[in-house]
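Student: I should like to learn how to read the features of a structural model, one feature at a time. Could we proceed by question and answer?

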Amino acid sequence: MGERMRGIDQKTKAQLYVIRYWQLYVMMALPLLYFLLFKYVPMFGNVLAFRRYRPGMGPFGTEWVGLTYFKRFWSDPAFWRAFRNTLVLSLINLVVNFPIPIIFAILLNEVRIIPFKRMVQTVSYMPRFISTVVVIAILGELLSPSTGIFNILRQQLLDKAPIYFINEEKYFRLIYILIDTWQFTGWTAIIYLAAITAIPPDLYEAATIDGASRFQQIFYVTIPSIMPTIMVMLILNIGRLLSLGFEKVLLLYTPDNSMVSDIIDTLVYRTGLANQNYSYATAIGLFSGIIGIILVSSSNALSRRLTGEGVY
Amino acid sequence: MRTTRTASTLFTVMVYAVMVFTLAVCLIPLLYMVALSISSPKAIINNEVFLIPKGITFEAYAQIFTYPNFFRAYGNTFFYTFAGTAISLALMIVFAYPLSKPRLKGSRGVMKLVIFSMFFSGGLIPNYLLVSSLGLTNTRLAMLLPFAINQFNLILLINFFKSIPGDLEEAAIIDGLDWIGILLRIILPLSGAALATVGLYTAVFFWNDWFHGLIYLKSSQFPVMLFLRNIVMGTSMVGDAAGAGDKSTIAISIKSAVIVTSTLPIIVLYPFLQRYFVKGVLIGAVKG
């Protein structure tokens, strides 16, 4: 008897639940379908790395070929060159462009004239919203061999022949990293500035009473206080090590600088879309995607161990 | 004591020097473009123009708007930005609202799907093949549909909806409102800041996108950024009339005019919108 009652109870409970919440499920239906179609179908589309693609026979390929494409890129010098270029560029970028926003935020925090501080901040994160195409186009004009200001100065002051900077292999990495500094310093600094703003003022008061100079206050109060934020950002950056600014590299890529500018993403783009080796390019893309997810999860685990909290 | 004071003064000087340098580095490239775009070709070829325009003329602007391909690309970009942002916001709102209720059965599972897809995605080729097998290549929808939901923006919205006190919804339920009514009449009117933030991020994304135009569209559908990229790469002439090619100085002022025109909407709106941008990065920084 009691059993039956509970059964009915549960049934009506379920019915009530549906009556109460069906609208929320209806709301979710369309975006969820969208999400499965545009995010998860391509994810399963990676199966193409193990299957041969034939035009007109669907995006998932035709017959299984196992690890053929993986073996092929494993012995392809172009792949290893792209792999090395990706790693080198990311590591230099991390070493240079990780500390710069921190230093910028700390120095900006030392500005005592508030309207000026606000103006610098507003201007400093504007580059983040300017299209990469525009950034590269402006750079192209600044560095142009005939009319660019850099080459004019070189010619007039040092009497040296103009350099076609954008086309030269040895300037590629420098240019990439400087563009990244220009685009993201102010933007990334927002996070550190927020952390600095959250430092309790009495810490500084106590330091002042103890006779600490402003310089000492930075080293003994500010930096230790924002250390957790710095660690979290570092871990996030390590997790994203393989994802460089693909569009930037693609725009800076020329056949002359390809020895250093061909990264994994541009290799996938060229072999896949320009040469239509879909399966081969998918295999390379999948490989770098898997390394990416390993990097993210291990840096997250490291963060859990070090700071007691994961980023995700 | 004196040495510390000198050191402190030196430090202050250095701080302000760094800030002035930052301002200059951020602004000079844009000012340089403006100067080039309104200078006479003769002054440009004689290398007389840097930040101050010389022989001021608006010829370049008058000219680019007579090029049908620039005009069309500019219009296309406006279309992609407005349509893309509208579709995006509509889809993200109806997705984020149910997901902001952790007690709703299944919402946690969907949330996990969303988060996982931020770390592992289909990659370029599978995405390309999906879009082409849906028959979207060479249609304007290829610029809009695949990017309608951005996970970062979605989480931002979810977090915002979660922060709205639940009492409001309970009162509305007692008053007999259904969920759609609650969303439209209570939640959305309270979400202005969050919607502005997400809307702006989305609009900037669509405004600046060129790569997907390159791989999916035909030239009459190109957005203005792709048009500009093709000029920069030298794969297409600035306009039908610019027979001299992009290396001539006439092309420099015209190229600069294209750069200025295509960046102008962002620069003009920027001072009004920037407080939302900042709010967004801070909400987004809180873990989702």
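Student: In which loop does B:N138 lie?

Tutor: This is a predicted model, and in it B:N138 belongs to the loop between α6 (124-133) and α7 (141-144) of chain B.

Student: What is the phi of B:N138?

Tutor: Most residues other than glycine have a negative phi. B:N138 has a phi near 65°, a positive value in a residue that is not glycine.

Student: Which loop of chain A holds A:Q276, and what is its phi?

Tutor: A:Q276 sits in the loop between α13 (264-274) and α14 (278-307) of chain A. Its phi is positive, about 60°, although A:Q276 is not a glycine. A:Q276 is exposed, because 12 other C-beta atoms lie within 10 Å.

Student: Let us turn to A:G285. Where is A:G285 placed, and is A:G285 buried or exposed?

Tutor: A:G285 is in helix α14 of chain A. The cut-off for a buried residue is 20 or more other C-beta atoms within 10 Å. A:G285 has 27 such atoms within 10 Å, so A:G285 is buried.

Student: Which residues are in contact with A:G285, leaving aside its neighbours within four places in sequence?

Tutor: With those neighbours left aside, the contacts of A:G285 are A:V268 from chain A, and B:G123, B:L124 and B:I125 from chain B. As for distance within chain A, the C-alpha atoms of A:G285 and A:L250 are separated by 16 Å, the two residues being 35 residues apart along the chain.

Student: What does B:V15 touch, not counting residues up to four places away in sequence?

Tutor: B:V15 lies in helix α1 of chain B, and on that count it touches A:L107, A:E110 and A:V111. B:V15 has 18 C-beta neighbours inside 10 Å and so counts as partly exposed.

Student: Which residues touch the most other members of the largest nonpolar core?

Tutor: In soluble globular proteins, nonpolar side chains tend to be buried together. The largest nonpolar core has 132 residues, and those touching the most other members are A:Y192, A:I284, B:A96, B:L154, B:L157 and B:L228. Helix α4 (residues 68-99) of chain B gives the largest share of this core, 11 residues. For B:L157, the contacts beyond four places in sequence are B:M92, B:A96, B:A194 and B:V198.

Student: How should one read the span of helix α8 (residues 169-197) of chain A?

Tutor: One compares an expected span with the distance between the helix ends. At 1.5 Å a residue, the 29 residues of this helix should span 42 Å, and the end C-alpha atoms are 42 Å apart, which agrees.

Student: What does the domain assignment of chain B give?

Tutor: The assignment gives domain 1 (2-45) and domain 2 (62-285) of chain B. In chain B, 8 residues of domain 1 are in contact with 8 residues of domain 2. On the domain 1 side, the largest share, 4 residues, comes from α1(B). The residues of that side divide into 6 nonpolar, 2 polar and no charged.

Student: Into which domains is chain A divided?

Tutor: Chain A is divided into domain 1 (2-50) and domain 2 (68-128 + 185-307). The centres of these two domains of chain A, taken over C-alpha atoms, are separated by 37 Å.

Note on methods: Residues numbered from 1 in each chain as written. Chains lettered and ligands numbered in written order. Predicted model: local features only at pLDDT ≥ 70, side-chain atom pairs only at ≥ 80, totals over all residues. Helix = DSSP H or I, 4+ residues; strand = E, 2+ residues; numbered from the N terminus. Expected span 1.5 Å × (residues − 1). Core = buried A, V, L, I, M, F, W, Y, C linked by C-beta atoms within 7 Å. Contact = placed C-beta atoms within 7 Å. Domains from an automatic or database assignment. Nonpolar A, V, L, I, M, F, W, Y, C, P; charged D, E, K, R; others polar.
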